Amino acid sequence: MSKIKFYFILLIATVVTLNSCHKDDNNEDVTPPIPYADQYPKDIAAIEDYLNTHYISEVVNNPGQPNDQDVTISKIDNPVTQPSLMSYLNSSTLPRLTFRNVNAHDITYKIYTLVIREGKRNDAVNGGGEYPCNMDGVYAGYKGTLLDGTVFDSSNNGQSLFNLDGTTHDGGTGVIRGWSEGFPQFLTGWMSSNTDGTVRYNDFGVGVMFLPSGMGYYNNAQGSIPAYSPLVFSVKLFGVKRYDHDQDGIPSYQEDLNGDRYMNTFAAGVANPDDTDGDGVPNFNDFDDDGDNYATRGEIKDANGNYYAFDKIPDCSGNQIDPNRLKRHLDKNCIKMNQ
Ligand SMILES: [Ca+2]
Ligand SMILES: [Ca+2]
Ligand SMILES: [Ca+2]
Ligand SMILES: [Ca+2]
């Protein structure tokens, strides 16, 4: 069992235990978690200090082998020859450090991601070169460390599937929120076979995610991870598994209307760019995207009952070509089922 899976199970077990303590009223002291707004400033200060004082000391180049593109980060002892991770901020070349602002827990997290290698497509047959969205599954290698360099987990097993939607299903394991925020910054590579028949991963995306504890395990200590630990994950993105969460015939990643590879459910009253009918349920989870009381899956089939290819779904007038057309399953004024 991968340790990530183990941690996830442990997290559930911990929550159940805490709840039962409250119910039992057995005078046990339960320390309430530190408010996110109090912990986050400490985490981001520690992460930015880490970015300023550490550098990439090694990237293994060993194509076809499990350790290919293993990344080691070390403390700077010679600033002349060891450029800090922070020195790559918004670089026009790789490595490139960027950050995104993520609203969660009533605060805004700054999540830094370092792209060392982007990942790329081989050809139409072998695929590759795809970004996951934050609701897809990923096949990935990883190494997790604390800011002090302690390695708490690693795997180069490309057969393990991790669900960025945070839940366990379809053979994939739910992961921490930080992974959902970080992985959409990377492209997949493509697969072939080594001469001994083992799977060979080529040109996959490689980089590092720097996660405040609220994007990781927060107050739930895990093995060698103390409570409230910011986490550093170096990652390799081998492959993507697409899901169709609302089973409307359109894969979730194609229900990301603004194309930023992130879809979330927002607080009531907050405008959501990925929610056509504004009912609070984003399209990837809404079986009737435009709220016309006709299920999406019926609106995207032709007269023979076959699904249109996604890029061929017509608008209300039947136009299948205009790139700016409003596809009919997103047009509440268009009632056209199976025609
Ligand atoms: Ca769907
Ligand atoms: Ca989006
Ligand atoms: Ca909706
Ligand atoms: Ca509809």
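User: What relative accessible area does Asp-288 have, and is Asp-288 buried or exposed?
Analyst: Good place to start! This is a predicted model, where local features need pLDDT of at least 70 and side-chain atom pairs count only at pLDDT 80 or more, while totals for chains, interfaces and linings use all residues. Residues are numbered from 1 along each chain as its sequence is written, chains are lettered from A and ligands numbered from 1 in the order in which they are written, and side-chain values use heavy atoms, with hydrogens and water left out. Buried means under 20% relative accessible area, exposed over 50% and partly exposed in between (1.4 Å probe, protein chains only), so Asp-288, at 7%, is buried.

User: What spacing do the donors of the calcium ion (ligand 3) follow in sequence?
Analyst: The protein donors here are Asp-275 (OD), Asp-277 (OD), Asp-279 (OD), Val-281 (O) and Asp-286 (OD), lying 2.3 Å from the ion. Asp-279 is partly exposed at 42%, and Val-281 is partly exposed too, at 31%. For the calcium ion (ligand 3) it reads D-x1-D-x1-D-x1-V-x4-D.

User: Which residues does Leu-330 touch, beyond its neighbours within four places in sequence?
Analyst: Leu-330 sits in the segment after helix 4 (296-299) and is buried, with a relative accessible area of 16%. Its C-alpha atom is 6.7 Å from that of Thr-276, 54 residues away along the chain. Taking contact as heavy atoms within 4.5 Å, the partners of Leu-330 are Leu-257, Thr-276, Asn-283, Asp-289 and Asp-290.

User: Where does the chain place Tyr-218, a non-glycine residue with a positive phi?
Analyst: Phi of Tyr-218 is near 50°. The residue is buried, at 6% relative accessibility. Tyr-218 is found in the loop between strand 13 (205-211) and strand 14 (231-241).

User: What is the phi of His-105?
Analyst: His-105 lies in the loop between strand 3 and strand 4 (107-117). At 36% relative accessibility, His-105 is partly exposed. Although His-105 is not a glycine, its phi is positive, about 55°.

User: What is omega at the cis peptide bond between Leu-94 and Pro-95?
Analyst: Pro-95 belongs to the loop between strand 2 (71-75) and strand 3 (96-104). Helices (H or I, at least four residues) and strands (E, at least two) are DSSP runs, numbered from the N terminus. Omega of the cis bond is about -5°.

User: What radius of gyration does the protein have?
Analyst: The radius is taken over C-alpha atoms, and the globule rule is 2.2 Å times the number of residues to the power 0.38. With 339 residues, a compact globule would come out near 20 Å, and the protein's value agrees with this. Along its principal axes the C-alpha trace spans about 65 × 60 × 40 Å. The protein's radius of gyration is 22 Å.

Note on methods. Donors are N, O and S atoms within 2.8 Å of the metal (3.2 Å for Na, K and Ca); water is not among the atoms, so sites may look incomplete.
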